[in-house]
Amino acid sequence: MRRAALLTTAHVEELDLLQPDGLACAVVLAVAEPHGFLRYGLRAFVELSGHFDRSRRGSYLEIRDGGDQASWITAYAQGHGIGHVRDDLRCCDPFDRGGALLDPGPPPCPKLER
C-alpha cells in the first residue's frame with residue numbers, strides 16, 4: 001500500500017490490516033490535488049495495491065484532500081461493494097457509478113481543462 005501510494009503521489013494517512021473472516025485491508029490516502037489524483041493516479045493505485053484482489057475478504061479505500069468530506073470512497077466485502085465520490089469531483093471519477101440510462105455522464109473538469 002505504501003509503495004503504491006508513493007508511486008502515485010499520495011500519502012498513506014491510515015492503514016489497517018484486519019481479519020474478520022480472512023484478510024481485509026482498510027486504507028485512507030491523503031492527496032494534495034484530488035482532481036488530478038482521481039483522473040491520473042487512482043487507477044494505478046488500485047492496481048498496484050491490489051484493492052480489488054479477490055483473494056481478500058474485503059477492502060476499504062478512502063481518499064481525503066483536507067476537506068470536511070472524503071473525496072472518494074470505495075469498499076467491498078465478499079463480492080458486494082459500495083462507492084461514493086464527492087459531487088465536486090464527479091468530473092474526474094475514473095470508475096463508472098452506474099448512472100441512470102439517460103445520464104449524460106460527468107461534467108467536464110474545471111480544474112484540468114486545457
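The largest nonpolar core of this predicted model comprises 20 residues, of which L29, F37, L42, F45, L61 and I63 touch the most other members. Such a core is a set of buried Ala, Val, Leu, Ile, Met, Phe, Trp, Tyr and Cys residues joined through side-chain atoms within 4.5 Å, where buried denotes under 20% relative accessible area (1.4 Å probe, protein chains only). Two or more residues are contributed by each of α1 (2–7), β2, α2 and β3; helices (H or I, at least four residues) and strands (E, at least two) are DSSP runs numbered from the N terminus. The most is given by α2, with 5 residues. Beyond residues up to four places away in sequence, F45 touches M1, A4, A5, T8, V27, L29, F37 and L61, contact being defined by heavy atoms within 4.5 Å.

An open sheet of mixed pairing is formed by 5 strands in the order β1-β2-β3-β4-β5, pairing requiring at least two DSSP bridges between two strands. The edge strands, β1 (11–18) and β5 (80–85), each pair on one side only. From one strand to the next, the twist averages 5°. Strand β4 (residues 72–77) runs antiparallel to β5 and is joined to β5 by 6 bridges; within this pair, I73 stands opposite H84 of β5. Helix α2 (residues 34–49) packs on the sheet, touching β2 (24–30), β3 (58–64), β4 and β5, and its direction makes about 155° with that of β3. Axes are lines fitted to C-alpha atoms, for helices over the stretch in contact, with angles from 0 to 180 degrees between N-to-C directions.

Residues are numbered from 1 along each chain as its sequence is written, and side-chain values use heavy atoms, with hydrogens and water left out. Local features need pLDDT of at least 70 and side-chain atom pairs count only at pLDDT 80 or more, whereas totals for chains, interfaces and linings use all residues.

Note on methods
Buried means under 20% relative accessible area, exposed over 50%, partly exposed in between (1.4 Å probe, protein chains only).
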